[in-house]
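Colleague: Could you walk me through this model, feature by feature? I would like to learn how to read the sheet, the core and the backbone angles.

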Amino acid sequence: MGKGGRRMGAGRPAHKLKAENASALDVAYLSRSGHLDTGNWKRLYWRQYGEVRLEGLVKAFDDHITVDIGFHTHWIGVTQTPCHFGGHRRWFICPRCDRRMGLLYMRHGRFACRRCNRISYESQSGDAEDRMIWKYHSLQHKMANLKLQLPRSRERIHNNFLEVAWQYDAMLDEALSRIMMADATRC
Ligand SMILES: [Zn+2]
């Protein structure tokens with residue numbers, strides 16, 4: 001199998017989680033509520049439809065926080081940058097890619113940024129992104145079907161499909177990284 005096939009199998013889950021449905025850590029909220037002030041231990045609740053869905057204990061240290069959820073402790077770096085108009089802005093450091101992030105999302109039991117966790121926004125830039133994801137998945141579907149019935153002589157067609165899917169893959173990554181950069185420059 002070519003590089004496209006390997007990458008698609010390994011990199012991208014079948015369904016992207018929507019940001020609205022994920023348990024998130026919002027640095028702005030935690031900063032306002034005192035969760036990030038060194039020495040503080042504060043509970044944090046994630047609610048859905050008015051019910052507490054998940055509960056954690058946030059302990060703040062100088063350059064990181066820990067979040068205890070159940071028996072698991074999540075270690076998350078915290079840093080800050082100066083703002084143009086005075087003061088500073090705090091950031092989480094994504095445990096997977098080490099980038100500064102305002103939001104981290106829980107997926108598969110771990111916190112990471114939207115890009116690392118493959119999470120999409122429903123409300124923001126959703127249309128273009130969703131269209132790309134839809135096309136990407138429909139191509140994957142076509143390829144899977146094609147492969148089942150593929151005589152050797154048709155392999156070239158299959159490879160063309162792979163090539164197009166590969167291009168969509170790159171476009172999707174680029175779009176997600178633009179959204180991420182827009183988040184990162186907001187002060
Ligand atoms: Zn990340």
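Predicted model: local features only at pLDDT ≥ 70, side-chain atom pairs only at ≥ 80, totals over all residues.

Colleague: How many bridges hold strand 7 to strand 6, and how many join strand 7 to strand 8?

Modeller: Strand 6 (residues 72–82) pairs with strand 7 (residues 88–93) over 6 bridges, in the antiparallel sense. Strand 7 and strand 8 (residues 100–101) also run antiparallel, joined by 2 bridges.

Colleague: Now the core. Which residues have the most contacts inside the largest nonpolar core?

Modeller: That core has 18 residues, and those with the most contacts inside it are Phe-92, Cys-94, Leu-104, Tyr-105, Phe-111 and Ala-112. Helix 2 (27–32), strand 5 (64–69), strand 9 (103–107) and strand 10 (110–112) each contribute at least two residues to this core. Strand 9 gives the most, with 3 residues.

Colleague: Which residues does Ala-112 touch, leaving aside its neighbours within four places in sequence?

Modeller: Ala-112 is in contact with Cys-94, Pro-95, Arg-96, Leu-104, Tyr-105 and Asn-117.

Colleague: On to the backbone angles. Which residue in the hairpin of strand 7 and strand 8 takes a positive phi?

Modeller: As background, most residues other than glycine have a negative phi. In this hairpin, with 6 residues between the strands, Asp-98 takes a positive phi near 65°. Asp-98 is not a glycine, and its place is the loop between strand 7 and strand 8.

Colleague: Is Asp-98 buried or exposed?

Modeller: Asp-98 is exposed, because 10 other C-beta atoms lie within 10 Å, and the cut-off for exposed is 12 or fewer.

Colleague: And what is the phi of His-108?

Modeller: His-108 has a positive phi of about 50°, although it is not a glycine. His-108 sits in the loop between strand 9 and strand 10. His-108 is exposed too, with 8 other C-beta atoms within 10 Å.

Methods:
Residues numbered from 1 in each chain as written. Pairing = 2+ DSSP bridges. Helix = DSSP H or I, 4+ residues; strand = E, 2+ residues; numbered from the N terminus. Core = buried A, V, L, I, M, F, W, Y, C linked by C-beta atoms within 7 Å. Buried ≥ 20, exposed ≤ 12 C-beta atoms within 10 Å, placed from the backbone. Contact = placed C-beta atoms within 7 Å.
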